[in-house]
Structures are given as structure tokens and as C-alpha cells.
There are 2 protein chains.
Amino acid sequence: MENSPIDSNHLSDSETDLNSESGLWRQIHDSIEIGDHQAVADAIAPLSPVETARLISRVSEQDRVEILTLLNPKDAADVVEDLPESQASDLMEVLTPENAASIVHELPNEQSAELLRDMPAAGAEAILDNLSKEEADITREMIHFEPDTAGALMSPDILSFHETQTVREVFQELELNREKYAKYDVLYAYVTRKNGELRGVLQLRNLVLSNHEEHLSQLMIQNPLFLKTDADLETMTDFFDDHHFLGVPVVHHITNKLVGVLDTEAVESAKERRASSTFLKFSGIIGGEELRSLPLKVRSLRRLAFLAPNILLNLLAASVIAQFQDTLQAVIVLAVFLPIISDMSGCSGNQAVAVSIRELSLGLIRPSEVWRVFHKESLVGLINGFVLGIVLGLIAGIWKDNVWLGLVVGGALMLNTIISVSLGGLVPLLLKRFKVDPALASGPILTTVTDMCGFFLVLSFASALLDKL
Amino acid sequence: MENSPIDSNHLSDSETDLNSESGLWRQIHDSIEIGDHQAVADAIAPLSPVETARLISRVSEQDRVEILTLLNPKDAADVVEDLPESQASDLMEVLTPENAASIVHELPNEQSAELLRDMPAAGAEAILDNLSKEEADITREMIHFEPDTAGALMSPDILSFHETQTVREVFQELELNREKYAKYDVLYAYVTRKNGELRGVLQLRNLVLSNHEEHLSQLMIQNPLFLKTDADLETMTDFFDDHHFLGVPVVHHITNKLVGVLDTEAVESAKERRASSTFLKFSGIIGGEELRSLPLKVRSLRRLAFLAPNILLNLLAASVIAQFQDTLQAVIVLAVFLPIISDMSGCSGNQAVAVSIRELSLGLIRPSEVWRVFHKESLVGLINGFVLGIVLGLIAGIWKDNVWLGLVVGGALMLNTIISVSLGGLVPLLLKRFKVDPALASGPILTTVTDMCGFFLVLSFASALLDKL
């Protein structure tokens with residue numbers, strides 16, 4: 001953390017407009033051609049993080065590599081920090097391991113670990129081999145923590161001292177390692193046993209105002225709260241909701257050693273990422289965040305990976321129609337209402353899906369509370385099915401001047417809405433129980449089932465009343 | 001901010017199971033019946049925030065009001081902080097203004113403002129009338145800031161002093177107001193002119209180590225960075241990406257007076273809320289976050305508000321089928337493929353919609369970049385349309401042993417995929433330009449257009465080749 005905001009009057013929040021932006025890109029491209037490091041660095045320096053990310057995502061991969069290679073590692077690390085994570089990982093893969101390592105060296109360890117975690121193991125190892133042993137070891141350890149656990153989100157950069165040390169020794173150590181500690185976001189200092197177990201917390205203020213001969217064990221706050229490295233996002237959220245701390249020490253879940261400090265901002269960022277990823281997966285974007293700067297082949301293939309199983313589910317649903325071809329041929333007007341009924345009940349069901357996914361992620365329902373959700377959703381389904389069924393039934397009946405047609409169409413929509421809303425609430429719970437990601441699979445499953453039911457209801461009602469239609 | 005974690009060994013992250021939870025609710029209900037304040041407070045105290053929120057959302061509205069009224073205001077405020085925002089606002093509305101005010105008094109000002117902003121103006125005023133004039137004025141001012149601006153997210157609780165004051169005077173003032181300042185999240189102290197304009201930042205550390213006769217103007221860091229109250233979420237995100245501060249002073253966008261401090265955590269939380277709300281709106285949940293604890297009528301009506309316009313759009317799409325009833329009657333097997341083509345191209349288009357919404361929210365594309373998005377998406381549409389069209393065409397052709405049927409069905413899916421993917425990328429951009437929320441309107445608009453196109457393509461191809469089918 002930089003300690004304070006210095007010497008600059010106003011924020012430039014006015015972004016350059018599109019034309020001057022593409023002018024800038026051309027200028028950077030030209031500077032790359034002639035290998036003018038300084039011009040590239042100067043052109044990028046005044047850009048906001050969003051502008052930098054936009055720039056990097058628009059130039060060719062070759063220019064992208066050139067830019068990062070031309071910049072000094074510190075500037076390059078700033079650029080990498082501004083990029084969306086998936087893009088940053090991809091970029092590290094195409095750099096030489098030496099160049100990538102020099103950039104990784106400038107990043108905070110938890111960010112290095114995040115980048116390398118997303119890369120193929122061989123590529124990550126090649127980069128780690130170019131780091132100092134100490135740095136490589138810390139990063140390697142962090143890579144192994146599950147994403148979105150306290151171990152993955154914490155910063156390993158902590159001030160920690162032994163309980164037998166005196167205040168004077170602490171000041172000497174701080175003096176000696178001034179340069180190293182300058183990079184740390186120091187909130188507290190921690191006190192450990194010789195074996196690395198957490199014993200206490202030191203407020204920097206107390207350290208400053210204390211007698212220099214005192215032992216840390218006398219000065220520290222004993223038995224502090226902590227989180228374990230395997231704590232999940234919900235546990236971390238709960239912790240910071242309960243305790244208004246800026247940071248909490250993190251202890252390894254197996255060795256019990258103090259390994260890092262977790263701050264609230266990291267937790268909030270992780271929650272934002274998760275909410276975004278839920279939205280994208282729900283919309284059929286899988287395999288991580290898609291950016292339009294990714295190669296065409298990758299984007300097409302990832303999207304097809306979601307669509308291909310979907311075509312099978314669609315065939316399954318449509319097979320119901322194939323069973324009723326005779327009825328449909330006899331009352332061809334039904335073909336007009338089939339897509340309306342399947343789409344409307346799909347929408348109604350998706351609303352229930354979204355509420356369940358959201359309540360699950362907030363911890364407001366548990367995967368086992370099937371009965372409660374069914375009860376709550378079936379009532380909404382009943383009311384909305386009733387309203388929508390009457391509306392569509394009236395439209396159909398009046399259009400073709402046939403009460404029976406209205407009954408078939410309206411009745412089918414009514415029943416199918418009740419089914420799809422009740423089911424839509426339950427599907428995410430059931431998927432969660434079977435450890436399948438609800439955001440990814442709920443939509444296709446729900447759509448298939450409600451399509452099948454909808455088609456079956458309309459066409460079987462119509463078959464039964466064939467002589468009246 | 002509490003200053004440090006004290007005296008507690010382990011976190012209870014084991015939640016009570018469902019049975020004992022409902023036992024707890026019964027016990028609380030009984031304590032309410034006999035008016036045992038202490039028992040209610042004792043029962044709620046050990047619950048995690050998520051457990052409290054779940055409890056409150058499950059009991060009857062009457063019990064909910066009783067719980068908040070029985071608890072002392074400080075405990076009640078803790079409960080309110082744990083609730084999702086919409087629920088907290090609703091709850092404040094049903095309390096008496098006196099009770100609500102005593103709870104609001106215990107909340108940080110920015111949270112009070114957020115709660116009251118979501119309430120009807122009359123209800124909010126009734127509560128404000130029961131607060132001290134000073135507190136009511138601060139809160140009233142904050143209510144008027146737009147949600148998700150720096151003014152709405154900042155904390156008005158700052159340590160600020162005049163540049164002419166000495167360090168000694170500062171210490172005297174701190175001593176005098178010890179109790180008030182104890183509640184503040186103090187990151188820095190700020191120095192202002194007599195008229196309230198920001199002049200500098202004081203690091204607490206420098207204050208402690210300084211000569212007590214020094215004037216603040218000599219000690220402070222001059223011309224610090226700041227944000228204005230009307231800064232939006234993107235500007236705030238950019239600021240904290242550029243500067244690794246924990247907090248930044250906020251200055252009123254009209255009066256230029258220092259009014260608060262914004263910390264990174266508030267910005268990250270706001271981003272999380274926005275990502276969640278995008279997901280919910282996209283799934284057809286409008287009018288804010290829906291919780292299953294809301295009254296049935298409210299939930300049904302809000303969902304219908306999204307579904308009702310949808311039924312009209314569906315009728316519009318289906319009207320295309322009505323135009324081609326003769327063709328359909330002649331080749332009834334087409335009815336099997338109509339829903340497949342409309343659903344598959346809907347899915348493909350939604351993927352493009354999601355990528356555009358996400359890139360817009362990250363600032364990676366601008367609403368004016370229609371051509372770039374069209375170019376990028378039409379290529380994906382081309383490839384995926386080709387693949388899916390061939391697959392479905394082969395299935396249709398082989399099933400009915402008719403090459404022409406395969407060509408009609410496959411060709412229609414191919415073309416319609418290209419259309420829906422290109423259009424899916426563009427719709428969010430166009431909506432954004434016309435100031436309509438893309439998350440809310442993109443889905444229904446895209447679905448209607450691609451349904452119409454899909455039905456038209458299949459049925460007009462089939463009409464043209466009617467003698468071969």
C-alpha cells in the first residue's frame with residue numbers, strides 16, 4: 001500500500017474519445033516497430049486501467065507481446081494487473097518464461113499465484129524456475145490452494161516476529177529489511193511461536209509507544225481470531241460481517257502455521273467475480289470469462305461446448321411433437337401456440353431458477369430445503385399460471401371463435417407454468433446437492449423438461465378434444 | 001472499526017442443522033410471546049449473520065417486528081445490518097418511526113442513508129424526525145446522492161481539522177470527542193480550509209511523532225487526491241486500480257467541501273451488488289432482489305410485470321407461423337423443428353448478449369462500437385451456425401430420408417444462428433445508447449426477433465421447395 005495520496009490535483013476521468021484512441025494505438029504500433037521502449041512506456045503511462053485493458057485487448061497478439069517485452073518489468077506488471085484475469089494468464093503463456101518471470105516478480109504473490117493457477121502446469125513451472133527459490137516456493141504453495149479460499153485470497157506478505165523477541169529487535173529487523181517491507185500492506189504485525197504457530201497480534205501504534213526492552217509476548221493481544229487457509233467464501237464473508245476488521249491472520253489448515261493476512265477487499269472482489277461468473281455461465285458462456293480479444297477458434301469452440309448438448313436436449317423435447325403429428329395436422333393452428341407456451345413457461349421457470357441460485361449463494365436457503373422452496377414457488381406458479389393462462393386462452397378462443405381451443409391452450413399454459421415455476425425453484429437445489437454448478441446446468445434442464453411438458457399438455461388435451469376443435 | 005481481534009479461539013463455522021434451527025425459531029417465538037427481551041437477545045447473539053438473516057426471513061412479519069422491538073437498539077442494528085437491503089428497508093417501514101429511528105441511530109450514516117433511500121419519502125422523513133438534528137441533516141444529505149456514486153458509498157465520519165490548528169489542539173479535540181470518534185473507521189485525518197475545502201492529508205503516525213506546537217499545514221501532505229461525490233462506479237474502480245490506497249477523501253461536487261471518506265471495500269461491495277442485479281434482471285426478476293420471504297402478492301406481481309410484455313412479444317413472433325399454416329399443414333414434420341430452431345438460435349444469441357453486457361460493464365467496449373462487435377460476433381455466428389446447421393440438417397435429412405428437408409432445416413438454423421449471434425452482440429449496445437438497461441431488455445427483444453426470423457426462414461424455404469418435401 002502506498003501510504004498516502006500525494007501531489008496531484010485532479011483526476012483525469014475524461015476518457016480520450018474513440019478517434020484519438022485509435023490514433024494512440026497506431027502511434028504505439030509505430031513505436032514498437034522501431035523498438036522505442038520509452039515511447040511505448042510514455043504512451044501507456046497516462047492511460048487509466050480500463051483504457052490500458054482496452055488497448056491491450058485490441059492490438060494484435062504480436063504487438064501485445066512486444067509491448068510487455070519492451071516495457072520495464074514494473075510497468076509491465078502494472079499493465080498485467082489492469083487486465084481481466086483470463087487475458088493476463090493467456091498473455092503470460094506466450095511470453096518467454098524469463099520475461100514472464102520478471103513481470104511475475106513485480107506482482108504481489110497472491111496475484112502471481114492466481115495467474116499461474118490458470119496456466120498449464122508446465123508453463124507455470126517454467127516461469128517459477130526463473131524466480132528466486134524463496135519467491136518460487138511461496139508462490140508454488142499458494143497455487144495449490146483452491147480458488148476462492150482464504151489461502152488463495154490472502155497476501156503472504158506479513159510482518160511476523162517471535163514471541164521471545166524484544167521491541168528493540170523488531171525495530172532492528174524492520175530497519176534491516178526496510179526495502180522488502182515497503183511493498184507490504186501492513187495492517188498489523190503478528191507474533192508466532194518458534195514453530196510458526198500464531199500467538200498474538202501487535203498494533204503498530206503500541207509498538208511505537210512501548211518500552212524497547214519489552215518482550216513481544218507482553219505487548220501483544222493474545223489468542224487472536226484467525227481464519228484457516230481452507231475457509232470458503234461464505235465463511236470469510238460471515239467473518240467480516242461479524243467483525244469489522246480490515247484484515248485477519250490466516251493459518252494453514254494442516255500445519256497450523258501463520259501463512260498470511262486476508263483483507264476485506266480481497267473477499268469483496270472474490271464475491272464480485274463469482275456473481276459475474278454466475279451471470280455468464282447462466283447465459284451459456286463457459287470456460288471462464290469470454291473476451292472478444294480471444295482467438296475466434298477459442299470463442300467458437302467454448303460456445304459450442306454449451307450448445308452441442310443443448311441440441312440433444314432440444315431434440316428430446318421436440319420428439320414429443322413428433323408423437324402427435326396427426327393431432328397437429330388436424331388442428332394446425334396449434335402449431336402457432338406451441339412455441340408461445342414453451343417460451344412463456346421457460347421465462348416463468350427461469351425467474352424461479354434465478355431466485356434460487358441467488359438465495360443459495362447468499363446462504364438464505366440450503367440445498368436440502370426442497371419442501372420450503374416447492375411450497376413458496378408453487379403458489380407463485382399457481383397465481384401467474386392462472387393469470388397468463390386466462391390471457392392466452394382468451395386470445396386463442398376469440399381469434400378462432402372456439403371456446404375449446406381457448407381451454408386447450410390456456411389450460412396447457414396454466415398447468416405448464418405451475419410445473420415450470422415449481423421445478424425452476426427446485427432444479428438449482430437438486431443440482432447443488434449433486435455437486436453440479438446450478439448456474440451452468442439449471443437453464444438447459446429446466447427448458448427441456450418444460451418444453452416436453454408444454455408440448456405434451458397442449459397436444460394431448462387437443463387429442464382428447466379433437467372433435468370439438 | 002474495532003481495532004483488533006481479541007480473545008476468542010475458534011470460529012464456529014459449523015452451522016446448526018435444520019432441525020435444531022426450527023427448534024430455535026420456536027424457542028424465540030415463545031420468548032416473544034412472553035415478552036422476554038433477554039431471552040430473544042441471547043438466542044440471536046450467537047448466530048452468524050447468514051443464520052440471522054435466514055431466521056428473520058422465516059418468521060412471521062409480526063414476530064419480525066417484535067424481535068426488533070424487544071432487542072436493544074444496538075443489537076437490533078446488528079440484525080438489520082445482516083439482512084439483505086431490500087428486506088431491511090421493508091422492515092423499517094413496518095416499525096414505529098421511534099423504534100426505527102433508535103435503530104438507524106446505531107447504524108453507520110451511509111447505511112442509514114441506503115436504507116432510507118429505498119423507503120417511501122414520507123416513511124423516511126418520519127424516521128429522520130426522530131433523530132437529532134445533526135444526524136438527520138447528515139443522513140438527509142446522503143440520501144440525495146445517486147445510488148452507487150461516491151457520495152452514496154462514502155462514510156461521512158471523518159476526522160477533519162483546520163489548517164491553522166496545532167497538533168496540540170488536535171489532541172485536545174480528540175480527547176474531548178473520544179466517544180464519538182471511537183466509532184469511526186479512521187484511516188487518515190484530513191485538513192481543510194475554514195470554508196471546508198480539502199487542503200491536505202495527515203498520517204496518524206506523523207501526528208503522533210510530531211512536535212505538538214506545529215501547525216497542521218506544516219505537517220500535512222498537500223493537494224491530496226480526492227474523488228467528487230458524483231463519481232460513478234467505473235471512476236471509483238479506476239481510481240483504486242490506479243492507486244493502492246485503502247481510502248480516499250470525497251469532496252462535494254458542487255460546494256467543493258470535504259464531506260467523507262470512501263474505502264475500497266465499499267466500492268467492491270457495490271460492484272458485487274451490481275453483478276448480482278445484472279444476473280437477476282437478465283433472468284426476469286425486476287424491481288430489486290426477490291426474496292422468498294416477501295409477500296406472495298408482491299412476488300407474483302413483480303414477476304408478472306416482466307412476463308406480461310413478453311406474452312405480447314411471443315404473439316408477435318408466433319404470428320409468423322400463422323402466415324404459413326398451409327405450408328405447415330402440407331409438411332407437418334416442420335412443426336417438430338420450429339421450436340428446435342427458435343430455441344437453439346435463442347441460446348446462441350444469448351451468449352453474445354452476455355458477453356456484450358459483461359464487456360460494457362467492464363468498460364472494454366463502448367456503446368458506439370457497433371461495427372467492432374458486429375465484426376467479432378458475425379464470425380462466431382458463421383462458424384457455429386455452420387456447425388449446428390449441418391448437425392441438425394443431417395438429423396432431419398436422415399430421419400425423413402429427404403435431402404431437401406435437411407437443407408431447409410439445416411439452412412434455416414445456419415442463417416438464423418448468424419443473425420441471432422450478430423444481433424445478440426449488438427442489442428445491449430443499442431439499448432445502452434438509448435438509456436435502457438441492457439440486462440433487462442436484451443433477452444426478450446433478441447428472442448422475439450430471432451423467433452420471427454427462424455420461423456420465417458424455415459417456413460419460407462419450405463414454401464419454395466414445397467414439391468420436394
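Predicted model: local features only at pLDDT ≥ 70, side-chain atom pairs only at ≥ 80, totals over all residues.
**Stop 1**

Select strands β1 to β4 of chain A. The four strands make an open sheet, ordered β1-β2-β3-β4, with mixed pairing. At the edges are β1 (159-162) and β4 (221-222) of chain A, and each of these pairs on one side only. Strands of a sheet pair through backbone hydrogen bonds, either parallel or antiparallel.

Now keep β3 (residues 198-202) and β4 of chain A in view. These strands run antiparallel and are joined by two bridges. Which residue of β4(A) is the bridge partner of Gly200(A)? Select Gln222(A), which is that partner.

**Stop 2: the contact between the chains**

Show both chains. Chain B brings 111 residues to the contact and chain A brings 109 residues. On chain B, the helices that each supply at least two residues to the side touching chain A include α3 (49-58), α16 (233-242), α17 (264-282) and α23 (438-464). Colour α20(B) separately: with 19 residues, α20(B) gives the largest share of the side of chain B that touches chain A. By residue type, that side of chain B has 58 nonpolar, 30 polar and 23 charged residues.

**Stop 3: Leu364(A)**

Select Leu364(A), in the loop between α20 (334-362) and α21 (370-399) of chain A. Is Leu364(A) buried or exposed? Leu364(A) counts as buried because it has 21 C-beta neighbours inside 10 Å, and the cut-off for buried is 20 or more.

Leaving out residues up to four places away in sequence, Leu364(A) touches Glu359(A) in its own chain and Ala53(B), Arg54(B), Ser57(B) and Leu291(B) in chain B.

**Stop 4: helix α18 of chain B**

Select α18(B), residues 296-323. At 1.5 Å a residue, its 28 residues should span 40 Å, and the end C-alpha atoms are 40 Å apart, so the two values agree. Centre on Ala305(B), where α18(B) bends by about 35°. A proline, Pro309(B), follows within four residues.

Next, pick out buried residues of α18(B), among them Arg299(B), Phe306(B), Leu307(B), Asn310(B), Ile311(B) and Val320(B). What covers the buried residues of α18(B)? The cover includes α19, α20 and α23 of chain B, together with α20 and α21 of chain A.

Notes. Residues numbered from 1 in each chain as written. Chains lettered and ligands numbered in written order. Pairing = 2+ DSSP bridges. Contact = placed C-beta atoms within 7 Å. Nonpolar A, V, L, I, M, F, W, Y, C, P; charged D, E, K, R; others polar. Buried ≥ 20, exposed ≤ 12 C-beta atoms within 10 Å, placed from the backbone. Expected span 1.5 Å × (residues − 1). Bend = angle between axes of the 7 residues up to and from the residue.
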